[in-house]
2 protein chains.
Amino acid sequence: MPDYKAPLRDIQFVREEVLNYPDHYANLPGCEEVTPDLTEAIINEAAKFAENVLAPLNRSGDEEGCQWSEDGVTTPAGFKEAYQQFVAGGWPSLSSPSAFGGQGLPSSLDLIVTELNGQANHAWSMYPGLGAGARNTILEHGTDQQREVYLTKLIEGSWSGTMCLTESQGGSDLSFLRTKAEPRGDGSYAITGTKIFISSGEHDMVENIVHIVLARLPDAPEGTRGISLFIVPKFLPNADGEVGERNTVSCGSLEHKMGIHGNATCVMNFDGATGYLIGEPNKGLNCMFTFMNVARVGTAVQGLSHAEVAYQGGLRYAIERLAGRSLTGPKNPDGPADPLIVHADVRRMVMTCKAFAESHRMFVHYLGLLTDHMFISVDETEKQKADDLLGFLTPIAKGFMTETGLEAANIGVQIYGGHGFIREWGMEQNVRDARISTLYEGTTGIQSLDLLGRKVLGSGGKLLALFAGEVLELCGQLGEEEETLAEYGTTLGEYLTEWEQLTRTIGERAVVDANEVGAVSVDYLMYSGYVVAAFFWAKMALVAQQKLAADSSEELFYRSKLATANFYFQKLLPRAKLHASGIMSGADSVMELSDDDFVAILG
Amino acid sequence: MPDYKAPLRDIQFVREEVLNYPDHYANLPGCEEVTPDLTEAIINEAAKFAENVLAPLNRSGDEEGCQWSEDGVTTPAGFKEAYQQFVAGGWPSLSSPSAFGGQGLPSSLDLIVTELNGQANHAWSMYPGLGAGARNTILEHGTDQQREVYLTKLIEGSWSGTMCLTESQGGSDLSFLRTKAEPRGDGSYAITGTKIFISSGEHDMVENIVHIVLARLPDAPEGTRGISLFIVPKFLPNADGEVGERNTVSCGSLEHKMGIHGNATCVMNFDGATGYLIGEPNKGLNCMFTFMNVARVGTAVQGLSHAEVAYQGGLRYAIERLAGRSLTGPKNPDGPADPLIVHADVRRMVMTCKAFAESHRMFVHYLGLLTDHMFISVDETEKQKADDLLGFLTPIAKGFMTETGLEAANIGVQIYGGHGFIREWGMEQNVRDARISTLYEGTTGIQSLDLLGRKVLGSGGKLLALFAGEVLELCGQLGEEEETLAEYGTTLGEYLTEWEQLTRTIGERAVVDANEVGAVSVDYLMYSGYVVAAFFWAKMALVAQQKLAADSSEELFYRSKLATANFYFQKLLPRAKLHASGIMSGADSVMELSDDDFVAILG
């Protein structure tokens, strides 16, 4: 793989210059000590860890994969040691409450670590990612005693976690869930069943693994209203808080998969394993959503990571590789050929990756602001607004960023030509790793129904209107500028009007035929994503223009932001029009052949 | 992998009902005996071989891969035996001249075999594919003696071939070529150099491998005008025509790659190996184009294959897998959930694969008609027209069908959700195998420059006008129909006008700035592809409508063609508008940052 470089200046631009994180922290209760200096120190240390510890293990981890034996799962060479360094560096505890040994910092800082680790080594980054999910679930829904027993270990990182939802009968459809939880009379439950696709389900990196498991109580109603949530630790904790007896949960086998070979994707067998109820009986799905929303944002960040890896790798190769001559005459006349970057088609590909990576980064840290407000703010109005915006933007972020992250990863391969197909260059691994991101934590189709059905139509358009307010505010600011920026404001305003009109059209049609929602929901999600990304590019362009006018010491940096914004508005935003056309043409041609027709066609 | 079924009815529809192959063969000199019965027998036998022999080796071949040792390369278990069956069945000789033991049938019949073999087992199908390329090159450019020595063996299939172009310094840029050919004074040459990415370069399936090698003579001019073509056999043929002394050409190593693991992608070392000049000195590239054009059509067929595999696998899973309930109420009320196919978004994905697979099949067999005319026709006007149309359509077929074949393969994964990522289901292998198709035999970017630069602008628009004539003829026929078909004619006519206008616009801009060609060439290729596919869908719809009116015994079959045409016109053809927008926005935003800016950004 080409040397990975943490994109520090780009992160700083987005966080400090565009989103004004320093003021954000200064105004956030209890976060006054999060100064730019502290943030910078954290970013720099995270970058060193990602560049020097994780990136070198990325390809070897892919080649070696995880190994199963009856005694457990062995992770690729170096993964365990990297994890120990991660724990020693205090990274798992960054945003956890100090009551349980955490550093009490805002969770928006975690996003930096998530981005950098994911870019350096997607497979490895999933181990601490799942631990954080288990921690959040127990923090929010656990009893005092559960928090006491599990949180300190999860927060220091000596224990990790998993999220055990899926069973073989149904993936996204949890109504199929069969795993049973029998009360034992002592407050514990005997959990029996088999879960599949359990990321980080079993491995050798920690002392204990805390499984968060969906299961049914004996008297549970059928369907998704009869699902409860349980803590099932690999080792039962002793009274002293350390690991005790081995629980009857084990990894039956590892899945053979396309990518993320360094992560153990496990079939987990629960054989009357001891578990403890979290939250109310039969309300497990509600509790699980805490975990899932965080996981969806985490997966969205992976979309950013894959785009960044494609951009870095593609740009480096385009500059270093000599092939052909520019159509406008030799640009490297003393060399045997010109570098690839002179070719307009190659440059189009590099710019596409750059445009996605940089607006995705904005998206991530914009979500970070909202997450901080939701968790930390004491202003109830602000809290609610952040919660609403997060609910609206999360499926867009997950669906749009992973789809375009996968596209960028494929462009990364394409820039390398035949070499892109060869493992040693690392670009094909980026595609194989990226391929999972549009599937897990809810496919793009699932995200699109969450967005269009639940969030947009389900709120009667209120959530879209809330975000529209943010866009209109920016349009107002852009309207005070000249030329290109003013045009961005006008364009953005037009798309916003169209977005609202498309939403009304779908809403009207859905009254007559609910399939009008499903047939266009992915188009709707992608349309939304392109407009949201335009909002971010316009925001970045506004700041870059101001910086350029004020100080020319980083002329190229700011000019490249303006050029990329221009590329985005010229070449990528028009894709929204295609999705609008997809929405307008509705469900008829999709549903013309009946279910029975398809059965007959298959024969 | 889901059971592979050769799409016999679809092939028959395209060839016999839409393209009227029976009349075509009846009118083609020397092809009178190619009756529908003979064709049907060939198709049925080819289907049995693909379904029963090749398909079962597809996943095992991927898992096992090829093994290198100093003694040579071993192909996966069963590959050699399958090849022997292929030879015993007479398949390699199908379209070869009877003078060298061939069956003398038209090469359009080969396309059926190429499609079916590629669908059943992409990696395996490349071994005979490369043999056919070597055969064609020697047939067209070899001396009488070379034809005598090599053709019988290549045609019976006991020997195979390769195409040795690429060297490590430059992929598509052949001006870098360094392999040397020193005349020995006895009519032979000593070939020295290293070639990379040589598909089927070394393996255990045949007695001898005939390498077709590009190299430079000592006095050759620099650049691509100094390249000559050589035959370099693995074993030097004896006077009796059988294999003799081992030549000093060997496989140095196998590439580690993303997919097509069952095909040996070799680094080939020529160490003063004995070679024989084919064609004129320094005219090697011209000769190589014979090979490359056939290879490009063959790669286009792979795009069809990947789309068909995605369609078959996706449809089967969508019908068999139960998950969730239709938004319009349960469709399988007695079951625990509805099949996936009830969900409009899943159906959209299945229809997309179906629409691409079926129009790609039309494209392939349309090219087959042209190839027959070009090679067999005695009417010089018809021959020239076929040659011109093939020149115009080949880069579109290669670029568009592989790009959309890869898209379809990814949709195949997406339909399976998380299971799509798991190897056992076969859908991820389809993506990994498909990934090479937009890269080898000239990337999509290279195809797009061939199309726009060389074929369209290079002919002053003549080649586009030639194809436009075909489209207009169809528009005339559609104009005599009612409702939907008449609308297709109108729509097609509008796109044709736009296509010509876009071409003029690019031509005018290119006079001022040649980058205007490179910046939009891929958009131009994709635009062209979508319009060509609309032409094919309109043709199919016209026939389906007529059949439906005449005879309702296959009502569903013809109705499904009409429904898929409707889906194509509603949901896929509008993508051409996006590419038109990409063309109209030109090169400015692509080229705004300079070469030096990018070097500075990389740092």
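A residue counts as buried here if 20 or more other C-beta atoms lie within 10 Å of its own, as exposed if 12 or fewer do, and as partly exposed in between, with C-beta atoms placed from the backbone. This is a predicted model, where local features need pLDDT of at least 70 and side-chain atom pairs count only at pLDDT 80 or more, while totals for chains, interfaces and linings use all residues. Residues are numbered from 1 along each chain as its sequence is written, and chains are lettered from A and ligands numbered from 1 in the order in which they are written.

**View 1. Chain A as a whole.** Chain A has 20 helices and eleven strands; helices (H or I, at least four residues) and strands (E, at least two) are DSSP runs, numbered from the N terminus. Its C-alpha trace spans about 80 × 60 × 60 Å along the principal axes. The radius of gyration of chain A is 24 Å, which agrees with the value near 25 Å that a compact globule of 603 residues would have. That radius is taken over C-alpha atoms, and the globule rule is 2.2 Å times the number of residues to the power 0.38. Of the 603 residues, 59% are buried. Of the contacts in chain A with a separation of 6 or more, 74% link residues 24 or more positions apart; a contact needs two C-beta atoms, placed from the backbone, within 7 Å.

**View 2. Where the two copies meet.** Turn chain A by 180 degrees, shift it 0.0 Å along the axis, and it lies on chain B with an RMSD of 0.0 Å. The two copies are thus related as by a two-fold rotation axis. In chain A, the C-alpha nearest that axis belongs to A:Leu578, at 3.2 Å. Both copies use the same surface, as 100% of the contact residues of chain A recur in chain B. The superposition is by least squares on the C-alpha atoms of residues with pLDDT of at least 70 in both copies. Chain A puts 82 residues into the contact and chain B 82 residues. On the chain A side, these divide into 37 nonpolar, 27 polar and 18 charged.

**View 3. Helix 18 of chain B and what covers it.** Helix 18 runs over residues 575-584, and its buried residues are B:Ala576, B:Leu578, B:His579, B:Ala580, B:Gly582 and B:Ile583. Their cover draws on both chains: it includes helix 17 (555-572) and helix 18 (575-584) of chain A, plus helix 15 (483-512) and helix 16 (515-550) of chain B. Just after helix 18 of chain B comes B:Gly586, with a positive phi of about 60 degrees.

**View 4. Strand 7 of chain B, covered on both sides.** Strand 7 takes in residues 228-233, and six of its six residues are buried. B:Ser228, B:Phe230 and B:Val232 point one way, with B:Leu229, B:Ile231 and B:Pro233 pointing the other. Strand 7 pairs antiparallel with strand 6 (residues 208-215) of chain B over six bridges, and B:Ile212 has B:Ile231 as its bridge partner. Three bridges join strand 7 to strand 11 (residues 265-278) of chain B, also antiparallel, with B:Leu277 as the bridge partner of B:Phe230. Strands pair if DSSP finds at least two bridges between them.

View 5. The largest nonpolar core has 400 residues, and A:Phe230, A:Ala534, B:Phe230 and B:Ala534 touch the most other members. Such a core is a set of buried Ala, Val, Leu, Ile, Met, Phe, Trp, Tyr and Cys residues joined through C-beta atoms within 7 Å. Leaving out residues up to four places away in sequence, A:Phe230 touches, among others, A:Ala181, A:Ile191 and A:Leu277. A:Ala181 has A:Ile191 in strand 5 as its bridge partner. Strand 4 (residues 180-183) and strand 5 (residues 189-199) of chain A run antiparallel, joined by four bridges. They form a hairpin with five residues between them, and A:Gly185 in the turn has a positive phi of about 90 degrees.

**View 6. Two loop residues with positive phi.** Most residues other than glycine have a negative phi. A:Asn20, in the loop between helix 1 (8-18) and helix 2 (21-27) of chain A, has a phi near 55 degrees. A:Asn20 is partly exposed because it has 14 C-beta neighbours inside 10 Å. B:Ser200 has a positive phi of about 60 degrees and sits in the loop between strand 5 (189-199) and strand 6 of chain B. With 28 C-beta neighbours inside 10 Å, B:Ser200 counts as buried.

Technical notes. Ala, Val, Leu, Ile, Met, Phe, Trp, Tyr, Cys and Pro count as nonpolar, Asp, Glu, Lys and Arg as charged, and the others, Gly among them, as polar.
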